[in-house]
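Here are my notes on the two-chain model. Please read them with the structure open.

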Amino acid sequence: MKLKILKVIISSRKVFIADLRKAIHSGENSEEEDHSISFDSIENFKRLMTANKLEILMAIARLKPASINQLAKLINREYPHVLKDCRSLKVLGFIKLEEVGAARKQLAPMLIFDYDIIHVKSQIEEIFPITEQSNRVLLTAQVG
Amino acid sequence: MNPKLPLHKRWIEVDKQGRNCVVAISIEQTSDELMYPPNGIKSVFKVIREKNVGTEDYEIVYLIDNHEPFGFHEHPKLPADRETRRIVHASNWDEAWVLFEKKIEEILDET
């Protein structure tokens, strides 16, 4: 079973711009590279991707909340804090917030695409399982 | 050669003043050739920045996009003024990118 990966790349601005320029001009962006978010340092990634935000990503993937309000109840946190974290995750590119409901006043949080894991490529590689499927697959891989 | 679409990329960096900045690039094919002439390719290049260090409260500080009736245009007075637009001399995303690249350096290296 193939897991869908959101790749987090740690690189310099120069490398990011060079890669992007290459993708724009030559059409050489791979499928995998389409789903990547780049950070200038692993420290910055870890500072922004807190345990609370990871929990939000897992809850969105596994419990599919219809709104941020519902999400806040599911993870037992205060709505304003969850809203703030969701807005930050949206800006960083991990999720999208879609207006739903008759008056479009509700925001439904969704993963930016249906990724199973976040793969951080740095000097030390790290994997953050997001979906239930990813837990099963990673466990099987470890046993195998 | 055209990029393989859609192309969605983000770059997150702390600027010289310690604020978190996000450079977001999105180029995608739409079916709306009237809104994004001549071929329906929608391009959005933006820089989003924390209002204050460590708050994770963000605002868009620069934006280039290409919807009609303006074609490629920038929003040069963000975040205060969302309505001011300035047509940029770019006929496609490729030329717009060159302008945007200069702007990224300017904003992220601002002291």
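**Notes on the predicted model**

1. Start with helix α1 of chain B. Its buried residues are B:W93, B:A96, B:W97, B:F100, B:E101, B:I104, B:I107 and B:L108. Bear in mind that this is a predicted model.

2. The geometry of α1(B) checks out. The helix covers residues 93-108, which makes 16 residues. At 1.5 Å a residue they should span 22 Å, and the end C-alpha atoms are 21 Å apart, so the two values agree.

3. Now the interface. Chain B and chain A bury about 2,800 Å² between them. Carbon and sulfur atoms account for 55% of that area. Chain B contributes 28 residues to the contact, and chain A contributes 32 residues.

4. Charged pairs cross this interface. Five salt bridges are found between chain B and chain A. B:E105 forms a salt bridge with A:R13, with the closest N and O atoms 2.9 Å apart. On the chain B side, β1 (7-14), β2 (20-29) and α1 each supply at least two residues that touch chain A. β1(B) gives the largest share, eight residues. By class, this side of chain B has 15 nonpolar, four polar and nine charged residues.

5. Is A:K53 buried or exposed? A:K53 counts as buried because its relative accessibility is 1%, under the 20% cut-off. Its side chain makes a polar contact with the side chain of B:E56, at 2.9 Å. Leaving aside residues up to four places away in sequence, A:K53 touches A:L48, A:D85, A:S88, A:L89 and B:E56.

Note on methods: Residues numbered from 1 in each chain as written. Chains lettered and ligands numbered in written order. Predicted model: local features only at pLDDT ≥ 70, side-chain atom pairs only at ≥ 80, totals over all residues. Heavy atoms only, no water. Buried < 20%, exposed > 50% of the residue type's maximum accessible area, 1.4 Å probe, protein only. Polar contact = N/O pair within 3.5 Å; in protein donor to acceptor, adjacent residues only side chain to side chain. Contact = heavy atoms within 4.5 Å. Helix = DSSP H or I, 4+ residues; strand = E, 2+ residues; numbered from the N terminus. Expected span 1.5 Å × (residues − 1). Buried area = accessible area lost by both parts, 1.4 Å probe. Salt bridge = Lys/Arg side-chain N within 4 Å of Asp/Glu carboxyl O. Nonpolar A, V, L, I, M, F, W, Y, C, P; charged D, E, K, R; others polar.
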